[in-house]
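Visitor: I've got the sequence and the model open side by side. Could you walk me through a few spots and show me how you get each answer?

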Amino acid sequence: YGPQKYFLVDSFNELAVPITGDKNEDLKEYGRKSYEALHEGLEDAIWLMQGWLFSYSRHFWTHEATEAFLSEVPNDKMIIIDLGTERYKGWEDHKAFYGKKWIQSYIHNFGGYDGMFGNTPRLMRLSFQPLKRPGRGWQVGLGYSPEGVCQNEIVYEEMTDTAWLADEMKIEDWLKEYLTARYGSCPDKIWEAWQIIFKCFYSGGGGGHFKYQVIPQLSTDPHHLNPDWFKALDIFLSCSNEFANCGCYWDDAVELANHIGSSTADNMIAMTIFSHQLGAKENAKKFLGCFTEMLTDVDKLNSTRYQFMLNEWTGAAAKWSDDPELQKYYKMDARRLITVWGGHLDGY
């Protein structure tokens, strides 16, 4: 990769820390020896580390413990990625990491969720919050580390855009600018549809997997279906002639239709199981047929956008090698990533 000076070393991330004596003294030693190992290999090495553990395992990583772990590392030789700032505020809880450089970082998508969700007003506020605080310390950046891609592009556009804004914007003003840039214009019908979409999906809450994406279970909980979703889709599609050649328009249309279709399919799963439990086998077969038909339609929708197509996914994996055997291996691995159920990875 050429000359480097940044090295990611995630010490004890979601792991139990072995303590043999005094907790804080042990942690000081772990921090010091980790840095010394890097420094010995490269004098100018800078230790990059996720700060997720300080929030995730807060019962262990108290103020004293965190400060002790960081105390033996030179402040200018470490950068902490404050991962998941939309959920936790490690920088605030730990006094801007006691003098270390740090990056404010969002996750948004925990576990590869495919549905539509996001809290755009909150993200707008959070991006500027540290800048307005005298105790922000040595903040050196803003970023994000999602656990899934090809979904909710508006959220990632906003995260990126806020890094370049001079000051916080009203989310409605930002949304109108975003839509104009995304589609080339923002006529009244697009704005009307997106006001509904914004209210339903991007004002807070949401996130999660659809039932058909995770380990099968005998759950009869119905999925919430909002009539406003259908209204938004109808209004949005009324602009299809005007935006016939706009790829971003069709990406958003497919994403909304997929969310509606997937939610409907979830309800068909619930009704199938519920009918079977009641002994209504004919009804169970009917709902199962509806489920299969709905997911077939969702699959057809996905096949219209290259980013959702299986051959694009496996083809990209195969391009990492010219060796036919390695290509076969990479393609199989790519399939595993999006199909495997079981073991510990039951939610991804």
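Visitor: By class, how many nonpolar residues does the lining of the second largest pocket have?
Guide: Bear in mind that this is a predicted model, where local features need pLDDT of at least 70, side-chain atom pairs count only at pLDDT 80 or more, and totals for chains, interfaces and linings use all residues. Numbering runs from 1 along each chain as its sequence is written, and side-chain values use heavy atoms, without hydrogens or water. A pocket is an open set of points on a 1 Å grid where a 1.4 Å probe fits, with protein on both sides within 12 Å along at least five of seven lines, and lining residues have an atom within 4 Å of a point. Here the lining includes nine polar and five charged residues, and its nonpolar residues number 12.

Visitor: Which helix gives the largest share of that lining?
Guide: This second largest pocket holds about 530 Å³ of space. Of its 26 lining residues, the closest to the centre include Glu86, Arg87 and His108. The largest share, three residues, is from α5.

Visitor: And the largest pocket: how many charged residues are in its lining?
Guide: That one has about 1600 Å³ of space, and among the residues closest to its centre are Gly112, Asp114 and Gln213. Helices α10 (247–277), α11 (281–302), α12 (310–318) and α13 (324–339) each supply at least two lining residues. The lining has 18 nonpolar and 16 polar residues, and the charged ones number six.

Visitor: At roughly what angle do the axes of α1 and α3 cross?
Guide: Residues in contact (heavy atoms within 4.5 Å) include Leu27 and Tyr30 in α1, which belong to the set meeting Ala65, Ala68 and Phe69, among others, in α3. By class, that contact has five nonpolar, three polar and three charged residues. α1 (residues 23–41) and α3 (residues 63–71) have axes that come within 6 Å, and angles run from 0 to 180 degrees between N-to-C directions. The crossing angle is roughly 35 degrees.

Visitor: Is Ile196 buried or exposed?
Guide: Ile196 lies in helix α8 (residues 188–201), and beyond its neighbours within four places in sequence, it is in contact with Asp228, Lys231, Ala232 and Ile235. The cut-offs are under 20% relative accessible area for buried, over 50% for exposed and partly exposed in between, with a 1.4 Å probe and protein chains only. Ile196 has 14% relative accessibility, so it counts as buried.

Visitor: How far apart are the C-alpha atoms of Ile196 and Trp229?
Guide: Along the chain, Ile196 and Trp229 are 33 residues apart. Their C-alpha atoms are separated by 7.6 Å.

Definitions and conventions
Helices (H or I, at least four residues) and strands (E, at least two) are DSSP runs, numbered from the N terminus. Ala, Val, Leu, Ile, Met, Phe, Trp, Tyr, Cys and Pro count as nonpolar, Asp, Glu, Lys and Arg as charged, and the others, Gly among them, as polar. Grid points are joined across faces, edges and corners, and a volume is the space filled by probe spheres set on the points.
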